[in-house]
Structures are given as C-alpha cells and as structure tokens.
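Subject: Structure handover

Hello,

Here is the structure we talked about. Please open it alongside this email and follow along.

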Amino acid sequence: MNNKKIVLGLVGLGVAAYLGSVYIVNKDDRDLAARQIAQYSHLDPQSLNFQAMKIMADKGCGYCHTSDSEMPFYSEWPIAKNLMKADVKVGLRHFDINKLYRNLQNQEPVSEVALARIEKVLYDDSMPPKLYQSMHWAAGISKDEKHTLLKWIRESRAERHQDSPVTAERKQRALQPIYTTFEVDAGKAELGKVLYHDTRLSGDDTVSCASCHSLDTGGVDNLVGSVGIDGQVGGINAPTVFNSVYNKLQFWDGRAHDLQAQAGGPPFNPIEMGSHDWAQVIEKLSDDDEMVAMFEYAYQGEMTGDTITHAIAEFEKTLTTPNSRFDQYLMGDKQALSETEQHGLDLFKQYSCHTCHAGEAMGGETFETMGIKADYFADRSAPIIAEDMGRFNVTGQASDKHKFKVPTLRNIELTAPYFHDGQAETLEQAIYDMGKYQVGVEMSDNEVKAIKSFLKTLTGEYKGETLSTKADSVQQANNV
C-alpha cells in the first residue's frame, strides 16, 4: 500500500511538474508573440496580412524557421539548447520565414513559394509538429485559423495575378501561365541582342554570351560545364537564359541582384570570357562604326560597362516563352494536355513539386538545399568543389550550404543536363533524383514517365515559334 502511494505521489509530482512547465512555456510564448506582433502595428489589424502574421507569431513559427528570432527563456538550458539548435537547423533547411516576415512588414507581395509552403502544411497538418505541441499547447492551428490563412493565401495570389488570363478561381492557385509583359526599350534591346552574340566581350574574341546560352538550344549549351576562353571548362552547369527575367536573383548562388549585374560577371571571369576590364572591351567595340552608331542611337553615344550590361539586360527581358501547352491548359483548354500529361501534373502536385516551382516561371524565386531528404553529395561520385557550396559562398551563413536557386521548369525538356553540377544527364534521372533527395520518395518508372510527359508541356514559344522546333533541329544536326 505504501509503495502504491509512493508511485501515485511520484506520478502526481510528474504531472504537476509537466503542467507547471506547460504553463510557463505557454506564457513565455504569449509574451514573445506580443512583442513580435507589436512590430507590425502599422498594419491594419483587420487586414488579412496582419491576421496571418499574428497567427504565425502566436504559433511560434519563427522559433525554428528564422535564424535571428527572439527565443524562449528555456532555449539556454543545457538539454533544451541542443534540441532547439537542431530544430532550428532543420527548420531553416526546409523554410526560412524571414523573407515572408519582411514582405509583410514592408507591405510587399509575399513570395509565391512561401504561400505554397504554408498552404501545403495547412492541408497535411504537418506543422506545428506534434512533439512541439506537447509543450506548446496553444501552437495547434484551429479550424478558423486555418480558414484565415488559406483565405490570405488565395487572396494574396489573386491580387498578384489579377492580370492573369485565367479564371478568378485559377488566379488563387500556385501555378500560373506566363502572361507578364516587361517594359523594354526597343533600341536598347536590339543593341543588347548584338552584344549578347558578340565575341569581342571576351579576351581573345572567341566567346560570347550565346556561346553558353544559345537561343537555339533552350538558352543553354547542353554541357555539364561550359567551355570558356582557352578551352577552359567551368565547374557549374549553365542555367537557361530564357525566362531569367523572372529570377529574384541571378546565378545559381544568387550573387547578382538583377540581369544587369549578372551580365557584368562573365566578361571578367578568367575561366569564362577572360577580359581584363571594360576599357579592353570598349576599345574593340569602338573600332566598329555600326556598333558606335547603335550606341549613339540607344545611349547618346555613351559606351561604358554600365550601358553595355544595361543593353544586354534589356535584351534578356525579352526572352520570355509564353503559350506552352500547359499555359493553354491553365487558360481553359482542357484538351491541351493528354490524360497521361494530366496524370503527370497530378503527381507533380501530389509530391509537392509546386511548393518550390511556383508562379509563372515555375522556379527562380528561392534557394533550396540540395539534399533535404537524403545526402546528395555523399551519394555523388564527384568530389565537392567550391561551386557545390552554393548560396553559402555569397552569404557565409551555415544554413545556406549546398543551397541553390530553384531553376525554372519552363522548357525543361531542352536544357539537359540538369542541376547545378549537370550530374543528371536525362530528364528522367532529374525527376527520380528530385523525388529521392528533395521529397523523400523513390518514384516508379511509370510515375517518372508521367511527370516527364507533363514537364514536356512546359515548352513555350519565343517570337511565336515553339522552342523545341529550333532546339531539336540543332541537336539533331549536332548528332549527325
């Protein structure tokens, strides 16, 4: 009898200690959330932006999905510190919510990817984790809160895509047809086109922008590593220049903030184009009377590194590829996709591919870790090189190691080999590897084939002509 009382007493003490800890933890959560919410006092408290932010603050999303969030008091306790440090590391690999918070605070459009990520976890109830909720009782999302967040997501998309030529309901979805038109100065773009194909931007007059980003082969060179000056081979795969205007940042690691900054990089890369400086390039261009005349027309004769890169960027803004069969499907033509292609689209969404490949370009918005679900680099036979560090090379943040810009899926059938390292030789291999390393599933051959059939519907038109017509003819000629 005494033993039974002792056991019951210990159980009672344990329950009391647990409930007391829960009370303290939840009180601290409320205090931290209140301080975070106070930073958004300039927003209309009735707006969906404010309500969405308040829910995310109340649920403690920032604990694991930001690197600089104010942490609860117990985060410095010996055991809790290590556990929370591990949780933050995992959380940041999956989703860094900082940008979303900045968007809301500055009343800017929220990232398409952020909206898609939150929508996914709302539907599958995977966030907040059940273990987290065992101590943070208020972290669970109620039916009303879920409704508010979903409404915010849909209205945010509808507002962003108000000009999209789709139905009102479709404007609320993650995937959109290419419809945006960009303001372009025709004279500057024409000059940029000439410069884009001009080998005089390289040190020995052998390499142009088009050498690695040919418009006849999907905006790439179809090589694992591009060949630059003196036959040197680069350590990273050339991404397509088509639809690059949609990228939030340029290059695989995002080191260039826009197209113009990107255009100024390769001319002076010793492996790529190998020029010494703009003076060397301008001296050669200045000897060309037609080139001088074009600069006179476009820039009142000002020939500088700034005007050269500006013109190239202006041209690259024209390289959008609308009117793919998938675009036609989104705009209401249900016959544009076969049953197999529609099944591939269903699998694409089932495996949450659209949570990274969202928006018009279906990519280009965020940087993601290569190998979320399995160690890609451990399985790869090639040794790790500097380029494999990805975004880390720009930010120096440990959480950015092996993070790369999510590439556009537009015209993907034309741009083999795939990934930053060009290690996936075929589209089938790329799909399988994405399933294994990013989603955590090993797709069947039939699933891979179905998704491939869908992805091939993303090939669009450039100047009214389907890209595959040009690219296939060039590739066939190269294979002869």
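First, a definition: a residue is buried if its relative accessible area is under 20%, exposed if over 50%, and partly exposed in between, using a 1.4 Å probe and protein chains only. Next, the ground rules. This is a predicted model, where local features need pLDDT of at least 70 and side-chain atom pairs count only at pLDDT 80 or more, while totals for chains, interfaces and linings use all residues. Residues are numbered from 1 along each chain as its sequence is written, and side-chain values use heavy atoms, with hydrogens and water left out.

The whole chain

The C-alpha trace of the protein chain spans about 100 × 50 × 50 Å along its principal axes. The chain holds 21 helices and four strands. Both are DSSP runs numbered from the N terminus: helices are H or I with at least four residues, strands are E with at least two. Of the 480 residues, 48% are buried. Now take contacts, meaning heavy atoms within 4.5 Å. Among contacts with a separation of 6 or more, 68% come from residues 24 or more positions apart.

The annotated domain

UniProt, in an unreviewed entry, places "domain: Cytochrome c" at residues 187-302 and 339-459. UniProt positions follow the numbering used here, feature names are shortened, and annotations may be inferred rather than shown by experiment. Residues 187-302 are 34% helix and 0% strand, with end C-alpha atoms 14 Å apart. Residues 339-459 are 36% helix and 5% strand, and their end C-alpha atoms lie 18 Å apart.

A helix pair

Look at α6 (residues 112-124) and α8 (residues 143-160). Their axes come within 10 Å and cross at roughly 150°. That makes α6 roughly antiparallel to α8. Axes are lines fitted to C-alpha atoms, for helices over the stretch in contact, and angles run from 0 to 180 degrees between N-to-C directions. Angles under 35 degrees count as roughly parallel, over 145 as roughly antiparallel, 65 to 115 as roughly perpendicular, and the rest as oblique.

Who makes the contact? From α6, the residues include L115, I118 and L122; from α8, they include L149, W152 and I153.

Two cis bonds

The peptide bond from M127 to P128 is cis, with omega near -10°. P128 sits in the loop between α6 and α7 (130-135). The bond from A416 to P417 is also cis, with omega near -5°. P417 lies in the loop between β2 (403-405) and α19 (427-439).

Loop residues to check

Is N243 buried or exposed? N243 counts as buried, at 1% relative accessibility. N243 is not a glycine, yet has a positive phi of about 65°. Find N243 in the loop between α10 (209-212) and α11 (259-263).

S352 is also a residue other than glycine with a positive phi, near 60°. Its loop runs between α16 (339-350) and β1 (367-369). S352 counts as buried, at 16% relative accessibility.

N411 is buried, with a relative accessible area of 1%. What does N411 touch, not counting residues up to four places away in sequence? The answer is F242, N243, T321, L458, T459, G460 and L467.

Best wishes
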